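Here are my comments on the model, as numbered points. Please read them with the coordinates open.

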Amino acid sequence: MSDLMIKRLIYSAAITSSLGFGANTVSAEELRFTVWTGSEAHLKMLGEIADSFTATHPDVTVRFDTIPFGDYVQKITLQMAGGNAPDLGWLLENSAPAFVDAGALADVSGTLKSADGYDYADFSQPAMGLWETSDATYGIPFSTSPFLVYYNKSLYDAAGLETPDQRIKDGSWTWEQLKSDAKALRDASSGVWGFETFDGQGYGSRVWHTLIPIIRAYGGSAWEGDSCKLDSPLSVQAVQLFHDMVYADGSTVPPGEQGDFFSGKAALTVTQISRVSKLADATFDWGIAPLPSGPAGDAATVGQAAVVAFAQGKHKELAAEFLAHMTNKENVAKMAAFFPPARKSVLNGDGFLTSNTAVAPEKMAFVAEGIESGSVLPSHQRFPQIEAEARPNFDALWSKNADVAATMKKLCSGISPLL
Amino acid sequence: MSAVRKGPSLSLKAREAITGWLFVSPILTGFLIFFVGPLIAVFYYSTTEWNLLSQQSRFVGMANYVDALTRNETFWDVLVNSLVFAAGLVPLNMAMALGLALALSKSRPGAVFFRTVFFAPVITSAVAWAIIWTFLLQHESGAVNQGLSIFGIDGPNWLHEPDWAMVSVIFTRVLKTVGLNMILYIAALQSIPRDYDEAARIEGASNWEIFRRITWPLLAPTTLVIMVITVVGSLKVFDHIYLMTGGGPQNGTMVLAFYIYEQGFKFFNTGYAAALAVVLFALILLLTIVQMLLKAARK
Amino acid sequence: MNYRTQQKITRICWIVGLCALAIPFVFPFLWMLSGALKGQADVFASSSLVPAKVHWSNFSDVFAYQPFARQYFNSLYIAIVVTVSTLFISSMAGYALARLRFGGSAFILLVLVSALMMPEEVTIIPNFFLMKELGLMNSHMPLILLPLFGSQGVMATFLMRQYFLALPKELEEAGRMDGLTRFGVFFKIALPLSKPALSAVSIITFLFSWNLFLEPLVFVNDIELFTLPLALANFTDTYGLPLWHLQLAATALAVIPMLIVYVLAQRQIVESFAMSGVKG
């Protein structure tokens with residue numbers, strides 16, 4: 001239960017600094033940093049990073065503001081437009097192009113490259129793709145986190161099914177297999193679902209997270225250049241598979257239902273390594289496996305989030321310095337406990353595989369492999385508009401008799417002009 | 001005493017005028033700043049293409065309107081939804097309010113209790129009401145469908161099928177607001193003199209005749225006010241949509257007020273949202289004029 | 001069948017019918033209470049209204065999760081400020097428009113009436129930028145100013161005007177004979193006579209402010225500045241999943257005091273509407 005006792009605006013390093021410096025804190029400056037996590041463990045770690053910054057910048061405090069994930073982009077946009085921009089914040093990959101294009105992010109390359117011992121070249125080049133241009137850097141990915149399958153081992157054992165871990169060894173861990181496992185593990189009488197979508201939000205704000213991994217495993221994609229590929233036969237086949245899981249098999253938590261993996265109400269889910277923190281009090285055995293493969297082989301998918309400084313923030317210099325501090329080697333290693341890093345030295349170091357005490361090293365190896373081979377979720381300069389256009393069409397998928405091919409075709413014709 | 005107060009330079013008429021302006025000046029000033037000014041601004045904004053994120057705007061003339069009216073089919077869906085919402089909510093709400101008021105206007109034992117019950121949602125925060133009903137309307141685990149299953153009815157996935165979602169939102173909204181209309185009707189019924197009723201009864205009129213010939217005509221002014229309040233309330237519905245459906249599924253519950261908010265503040269199409277606001281303004285102005293004409297015709 | 005049994009049957013039908021109708025009004029409150037006392041996983045796991053285990057701690061968790069007491073206070077004080085200012089401003093304007101003759105009054109009335117039905121969505125975008133210019137972003141001022149001077153304030157003015165129109169002029173004229181100025185007549189005679197209208201306007205205005213959702217959503221960022229409706233919609237865990245049990249506990253905390261006040265005052269509420277002449 002303590003996990004729920006979340007304090008929202010947790011950390012103010014002011015206390016420590018005022019103890020040490022008394023009257024000097026009159027001129028204290030506060031950096032406001034927006035995040036979408038409310039997890040006590042995450043905020044404690046972030047607070048420690050802020051503390052170590054305060055040690056060298058005694059007048060500075062950092063305040064972490066939690067904004068719920070679903071409203072995040074909208075809220076910070078409103079704050080910026082309202083002249084109340086945060087200084088720093090997390091940003092998801094799909095928002096990156098729109099924010100860069102709008103000039104909403106500060107170029108921090110100067111500060112980073114001149115920071116002591118920063119070693120900018122240490123960041124893996126593919127991971128930086130969305131965040132830098134030839135001469136500017138708009139953010140540093142702090143989490144390059146592959147999508148993973150979490151499974152309820154107790155339920156697998158009780159049903160006598162071969163676990164995903166065992167199947168990986170003989171190569172039979174496929175989406176078809178996941179589908180049939182989910183069907184077998186669905187137990188309506190005890191309210192246990194076979195499969196839950198990403199954070200249970202897989203039909204709304206995270207619909208891309210639900211479908212893109214499957215689509216890629218089947219050889220499809222969202223869009224290539226300016227052409228929409230969501231209606232390609234391969235993409236349609238993948239979406240059909242998921243549709244069958246929800247409606248033909250009835251194994252997957254459908255829209256409008258609750259079935260939380262983390263309280264034991266679903267046997268399988270797709271999510272990221274940071275969610276391990278939710279399993280601290282789990283009353284069941286659980287395991288982690290990579291995403292299943294499909295006809296097109298493995299298609300690891302990576303969700304990415306970066307630390308950015310906002311162009312309209314009130315303390316741009318200081319914000320850039322804090323960004324440099326937060327993403328230096330030491331702190332990236334620290335954050336690696338929850339958020340798989342993009343620094344090669346940390347990722348390849350011995351420390352990484354043992355960084356997460358809740359996860360065995362061989363499981364962390366899945367994460368490392370995923371980062372290595374995975375591709376980032378689709379993003380676009382006009383993503384907000386694309387999302388607005390796509391949403392009603394995605395909605396149209398979620399009924400028993402939906403014509404998947406026709407719906408995906410309509411979806412594509414809607415978003416094509418925007419690409 | 002009074003001779004001193006009445007300054008010789010000001011006539012009574014001028015003094016009254018000054019007092020009048022003094023009395024209306026607070027609301028007038030605020031109204032000009034926070035309503036009229038913004039209203040003019042929204043017309044201007046609607047002629048720009050304005051991205052809230054980049055905060056850059058350029059003049060595009062009527063392009064936003066052309067876009068809404070000709071190119072964007074969502075706009076027409078939204079407009080139709082708004083009208084469907086009003087057309088579904090207003091008659092249901094008013095009929096129910098009148099029915100409850102007729103049943104509860106006389107002070108029988110129990111009447112006060114039931115009035116309290118039907119009015120309770122009115123004083124409940126709309127957000128709270130919407131949240132609770134979102135739970136109750138879940139597909140399998142929701143109380144509504146569990147209740148229906150007792151009677152062997154397999155309830156739909158209320159909030160996730162476009163037509164049912166609209167029905168659900170209308171229904172919960174009616175439950176939330178019907179109490180206020182009921183009280184207004186009760187107040188009006190109680191001000192109808194008893195003897196009208198009794199005189200008619202002595203002449204052998206049936207209940208229905210009394211209602212149709214006496215009560216209903218006497219309620220007409222109240223009915224008009226309630227209709228105005230309810231129609232406007234239905235066109236500005238925001239919280240129920242935001243919390244229960246988010247405009248979905250398939251834009252099935254996307255109404256104008258919510259669409260303005262999403263376009264303006266979520267998808268950054270601020271200029272387009274302003275054009276939508278102008279459309280809403282025009283729609284309501286039209287309704288206001290119709291209502292004024294109705295009122296004038298009655299007199 | 002004699003008259004008395006017939007009446008008895010009618011009466012039973014009346015009660016049974018109303019009870020059936022009351023279900024969708026009452027059940028949500030019962031369900032809310034029961035959910036508020038359940039554990040997180042139980043809210044959906046069991047459909048029973050009686051919690052398997054009573055979690056009183058939900059209520060204290062609400063306060064640990066966000067500054068709920070503060071948010072409660074915000075809603076309360078904003079609603080009171082809005083109500084009191086509306087009463088003051090609207091009754092003055094309503095009186096002037098009903099009783100005083102001055103050039104332009106007909107035009108003012110027409111303008112105000114045409115704004116009577118305008119929802120705040122029409123002007124929310126320009127008001128966003130106006131508040132930014134005035135430096136009032138992320139404060140409570142927009143939540144006070146916009147209801148006061150928007151359609152709600154206009155509605156209050158209009159209701160007050162209607163009431164003053166229906167008030168007999170003789171008392172005021174007597175007051176003027178006694179040497180009272182227009183101000184004096186308004187404050188000493190007209191206002192005390194308009195208690196029913198004032199209380200009806202107070203109720204409508206208070207509820208309007210209490211329910212305000214769009215404005216806080218757009219204008220307020222800091223969690224300490226949230227109002228109750230925003231706070232209720234904000235119970236999500238780390239990754240945006242709703243914390244149902246806390247949400248329901250908070251909802252119960254928000255709803256129950258209002259219900260108690262209402263039950264205590266319900267007779268006066270109905271009476272004030274009956275006497276205020278809110279009927280056009």
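**Notes on the three chains**

1. Start with a helix pair in chain A. Helix 11 (residues 233–248) of chain A packs against helix 18 (residues 404–415) of chain A at an angle of about 125 degrees, and their axes are 9 Å apart. Axes here are lines fitted to C-alpha atoms, for helices over the stretch in contact, and angles run from 0 to 180 degrees between N-to-C directions. Helices (H or I, at least four residues) and strands (E, at least two) are DSSP runs, numbered from the N terminus. Helix 11 of chain A and helix 18 of chain A are therefore oblique to each other. The scheme calls angles under 35 degrees roughly parallel, over 145 roughly antiparallel, 65 to 115 roughly perpendicular, and the rest oblique.

2. Helix 11 of chain A passes helix 18 of chain A in a right-handed crossing. A crossing is right-handed if the near helix is turned clockwise from the far one by less than a right angle, left-handed if anticlockwise. On helix 11 of chain A, the residues are Ser235(A), Val236(A), Val239(A), Gln240(A) and His243(A); they meet Val404(A), Ala405(A) and Met408(A) of helix 18 of chain A. Contact means C-beta atoms, placed from the backbone, within 7 Å. By class, the residues of this contact are five nonpolar, three polar and no charged. Nonpolar covers Ala, Val, Leu, Ile, Met, Phe, Trp, Tyr, Cys and Pro; charged covers Asp, Glu, Lys and Arg; the others, Gly among them, are polar.

3. On provenance and numbering. This is a predicted model: local features need pLDDT of at least 70, side-chain atom pairs count only at pLDDT 80 or more, and totals for chains, interfaces and linings use all residues. Residues are numbered from 1 along each chain as its sequence is written, while chains are lettered from A and ligands numbered from 1 in the order in which they are written.

4. Chain A overall. Chain A has 18 helices and twelve strands. A compact globule of 419 residues would have a radius of gyration near 22 Å; chain A has 22 Å, which agrees. That radius is taken over C-alpha atoms, and the globule rule is 2.2 Å times the number of residues to the power 0.38. The C-alpha trace spans about 65 × 50 × 35 Å along its principal axes. Of the 419 residues of chain A, 55% are buried. Buried means 20 or more other C-beta atoms within 10 Å of the residue's own, exposed means 12 or fewer, and partly exposed is in between; C-beta atoms are placed from the backbone.

5. A loop residue in chain A. Where does Asn356(A) lie? Asn356(A) is in the loop between helix 15 (350–353) and helix 16 (361–373) of chain A. Asn356(A) is buried, with 20 other C-beta atoms within 10 Å. Leaving out residues up to four places away in sequence, Asn356(A) touches Ile273(A), Val276(A), Ala337(A) and Met364(A). Asn356(A) and Met335(A) are 21 residues apart in sequence and 9.8 Å apart in space, C-alpha to C-alpha.

6. Chain B overall. Chain B has 13 helices and two strands. The C-alpha atoms of chain B fill a box of roughly 85 × 75 × 35 Å along the principal axes. Buried residues come to 48% of the 299 in chain B.

7. Check two backbone angles in chain B. Most residues other than glycine have a negative phi. Gln250(B) has a positive phi, near 50 degrees. Gln250(B) sits in the loop between helix 11 (239–244) and helix 12 (256–266) of chain B, and counts as buried with 23 C-beta neighbours inside 10 Å. Phe268(B) also has a positive phi, near 65 degrees. Phe268(B) is in the loop between helix 12 and helix 13 (270–298) of chain B, and is buried with 26 C-beta neighbours inside 10 Å.

8. Chain C overall. Chain C has 14 helices and zero strands. The radius of gyration of chain C is 24 Å, well over the 19 Å that the globule rule gives for 280 residues, so chain C is more spread out than a compact globule. Buried residues make up 51% of chain C.

9. The B–C interface. In chain B, 79 residues are in contact with 72 residues of chain C. Helix 2 (residues 12–45) of chain B gives the largest share of the chain B side, 19 residues. That side has 58 nonpolar, 16 polar and five charged residues.

Definitions and conventions:
Two residues are in contact if their C-beta atoms, placed from the backbone, lie within 7 Å.
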